[in-house]
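Grab a pencil and work through these exercises with the model open beside you. Try each task before you peek at its solution.

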Amino acid sequence: MTLLEASAVETIYGPGCPDCLDATGDRAGTNQCPRCGTVVACAEADLDVAEGEVLGIVGESGSGKSSLAEALALERDPEATVNGEVSYAGHDGNLLEVDYQTRHDLRSRDISLVHQHIRDGLDLEFTGGGNVAEKLLSAGWRSYEDVRMRVRELFEETEIPVARMDDPARTYSGGMQRRVQIARALATDPDLIVLDEPTTGLDVSVQARVLDTFRRVQREEGVAAIVVSHDLGVVRLLADRTLVMRHGRIVESGLTDRVMEDPHHEYTQTLINSVI
Amino acid sequence: MAKETTSQHRDESTGGGTPVPTDSVDAALSAVETDGLSGYNYAYLDEHTKREVRRSMLKAVAIPGHQVPYASRPMPLARGWGTGGIQASLSLLGPADTLKVIDQGADESVNAANIRRLAENTAEVATTTDTTKADLIQSRHRIPEEVLTDDQRLVLQVPITDALRKVDPSDAANRRRHAHKNYGKMWVHLYENVVEYGEINIASRYPTMVANRYLMDPSPIPRWDVPKLDDANHLTILAAGREARIYAVPPHTSVEPLAFEDRSFTVERFPEQACHACGSTDTYLVEVSEEPGTTAGDDDTAASFETRYACNDSSFCAKRRENPNLPKDHHLDRSGVDWGPATPDGGENA
Ligand SMILES: Nc1ncnc2c1ncn2[C@@H]1O[C@H](COP(=O)(O)OP(=O)(O)OP(=O)(O)O)[C@@H](O)[C@H]1O
Ligand SMILES: [Mg+2]
Ligand SMILES: [Zn+2]
């Protein structure tokens with residue numbers, strides 16, 4: 001069953017002009033409109049995610065991966081203009097047009113975002129447990145014991161030492177902080193998690209362990225995910241299907257194995273060859 | 001804000017107010033005495049200012065718990081000594097009113113006396129120490145023990161207006177949180193409090209929901225006093241001078257201290273303690289260590305190092321000394337009025 005379906009999603013920084021879409025993208029070789037200077041961070045993006053499925057988004061730095069992922073996760077950058085249509089199972093209307101309260105409810109119960117930058121997602125002065133608890137408390141949990149139990153369970157599930165639960169998050173290693181973000185995202189049993197660059201800032205050995213944990217939990221919970229990475233290896237490991245982005249456009253999409261083994265687009269071919 | 005001029009010239013550098021040097025109540029009052037009231041308006045503040053303050057209070061009443069900005073004026077008191085409270089009081093008082101001023105429960109403090117004197121001399125009000133006789137009570141850190149009625153107004157002095165500042169120093173971010181009733185961070189603070197202490201351990205400025213909408217800092221009153229604000233008969237105005245904000249709890253408004261279902265809000269308990277002066281066990285007690293032979297009048301003990309407990313509300317304590325069984329609602333025509341914590345003798349335990 002389709003969980004999320006998006007069409008013509010675009011995120012734009014700048015005033016915009018009638019030429020913006022034609023003058024940017026893969027063929028134009030830029031994401032900035034030469035006429036008005038507007039950055040078309042992503043545009044003309046059509047995609048869907050099925051229940052329990054993992055969709056990967058790859059592309060070079062600046063290709064618009066985060067912009068697209070954040071639009072889908074209902075993250076709002078006050079400087080950006082976001083257009084398009086996103087429908088979500090069990091919800092009437094366009095997710096891009098919901099009011100604050102609906103957005104808050106969706107974000108605290110249905111769709112979780114794990115930020116690319118740890119500092120955007122955690123309050124490092126709070127304890128690690130407190131950061132996870134915040135998600136539950138914001139969703140209306142009012143029993144201390146229930147919150148406590150759920151936080152402990154999530155620490156175990158994401159393999160963070162439970163003994164560190166009540167230490168300030170700033171004393172955690174990068175890998176632990178990333179796990180806290182994931183635990184937080186899982187806290188209210190959402191249907192969809194948007195994971196932006198899950199390996200950023202982590203040592204290679206830590207990267208693999210965090211990804212393994214996420215893959216296991218994702219399967220156990222049956223939660224759908226959109227995983228964004230500039231690293232093909234991450235997407236290859238986690239994603240059932242993959243989108244390739246360049247200059248703000250999706251240039252190729254398909255089953256991950258197919259995209260990796262038989263890339264159609266020239267850019268994807270160089271991307272894969274450069275890794276191998 | 002308002003750019004209108006009044007009959008008095010304004011000192012632009014201080015954002016308006018009276019043009020006289022106002023370092024102290026004494027200086028201000030001696031100026032009143034030499035120049036008469038000509039340099040001053042009734043109740044010290046000019047009419048325009050008082051109207052602005054009242055307008056902010058009306059707004060505050062209309063949106064219970066919401067912090068409303070106002071143009072706070074320089075006052076002849078050091079900031080942080082109730083300049084907000086006194087502006088609220090002076091804007092409300094009329095010549096027929098009787099004022100009571102308390103500072104941490106006591107009418108006698110220098111600060112309370114100064115505020116009282118300023119109001120007496122400029123607004124020609126009567127003053128009292130008797131809670132039940134006051135039309136308006138300005139207070140720092142306490143709500144009186146005796147039940148307030150629907151024709152009384154309580155002005156609480158506020159040093160820090162936003163309960164959320166405890167969890168985030170950014171006022172801009174906190175304003176957004178209030179706008180969206182987004183209090184997750186405060187809940188995390190409570191959660192971490194329980195993690196650390198096994199219970200919610202916040203001594204004063206207890207985060208409190210007003211009318212199920214706005215989170216409010218009830219000023220540094222003890223937890224003991226917070227329940228008195230819930231469904232009260234009287235109007236409470238909370239005013240901050242330095243931060244130039246006013247907020248209010250109108251009569252019969254729900255006021256609910258934040259707490260977990262399984263870690264509830266509790267008031268201070270004084271097990272086995274009674275006021276050494278009046279014997280009360282149902283009042284908010286504070287530790288006092290008085291040297292022997294001073295005011296307290298206890299003639300027997302010479303144990304000068306022993307800490308003793310005494311009622312913090314000194315005027316009610318005086319009444320209880322006369323009449324040890326005087327109920328907190330003795331002045332009302334109905335009894336058994338729910339006001340603050342129940343009497344421990346009445347069967348309740350911590
Ligand atoms: N606030 C902003 N103002 C202007 N341009 C912006 C802003 N935020 C992002 N952009 C631009 O939008 C484009 C897409 O950025 P985005 O962050 O989505 O890329 P990305 O693929 O996630 O890159 P990375 O791999 O580096 O995270 C970039 O050209 C970026 O400079
Ligand atoms: Mg990015
Ligand atoms: Zn007493």
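Before you start: helix axes are lines fitted to C-alpha atoms over the stretch in contact, and angles run from 0 to 180 degrees between N-to-C directions. Keep in mind that this is a predicted model.

**Exercise 1.** Work out how α4(A) lies against α6(B).

*Solution.* 
- Step 1: name the arrangement. With that angle, α4(A) is oblique to α6(B), and the crossing is right-handed.
- Step 2: look at who touches whom. On the α4(A) side you'll find, among others, A:Gly129, A:Gly130 and A:Ala133, while the α6(B) side includes B:Trp187, B:Val188 and B:Tyr191.
- Step 3: sort by class. This contact of α4(A) with α6(B) has five nonpolar, four polar and three charged residues.

**Exercise 2.** Now stay within chain A and describe how α4(A) packs with α5(A).

*Solution.* 
- Step 1: α5 of chain A spans residues 144-157, and its axis comes within 9 Å of the α4(A) axis.
- Step 2: the two axes cross at roughly 120°, which makes α4(A) oblique to α5(A).
- Step 3: the handedness of this crossing is right-handed.
- Step 4: the α4(A) residues include A:Val132, A:Leu136 and A:Leu137, and they meet α5(A) residues such as A:Val147, A:Leu154 and A:Phe155.
- Step 5: the class count for α4(A) with α5(A) is eight nonpolar, two polar and one charged.

**Exercise 3.** What arrangement do the four donor atoms form around the zinc ion (ligand 3)?

*Solution.* 
- Step 1: list the donors. They are the SG atoms of B:Cys275, B:Cys278, B:Cys311 and B:Cys317, at 2.2 to 2.4 Å.
- Step 2: check the angles. The donor atoms subtend 104 to 117°, so the arrangement is tetrahedral.
- Step 3: write the spacing of the donor residues in sequence, which is C-x2-C-x32-C-x5-C.

Key: Residues are numbered from 1 along each chain as its sequence is written. Chains are lettered from A and ligands numbered from 1 in the order in which they are written. This is a predicted model: local features need pLDDT of at least 70, side-chain atom pairs count only at pLDDT 80 or more; totals for chains, interfaces and linings use all residues. Side-chain values use heavy atoms; hydrogens and water are left out. Helices (H or I, at least four residues) and strands (E, at least two) are DSSP runs, numbered from the N terminus. Angles under 35 degrees count as roughly parallel, over 145 as roughly antiparallel, 65 to 115 as roughly perpendicular and the rest as oblique. A crossing is left-handed if the near helix is turned anticlockwise from the far one by less than a right angle, and right-handed if clockwise. Contact means heavy atoms within 4.5 Å. Ala, Val, Leu, Ile, Met, Phe, Trp, Tyr, Cys and Pro count as nonpolar, Asp, Glu, Lys and Arg as charged, and the others, Gly among them, as polar. Donors are N, O and S atoms within 2.8 Å of the metal (3.2 Å for Na, K and Ca); water is not among the atoms, so sites may look incomplete. Four donors count as tetrahedral if all angles lie between 85 and 135 degrees; four count as square planar and six as octahedral if opposite donors are over 155 degrees apart and all others between 65 and 115; anything else is irregular.
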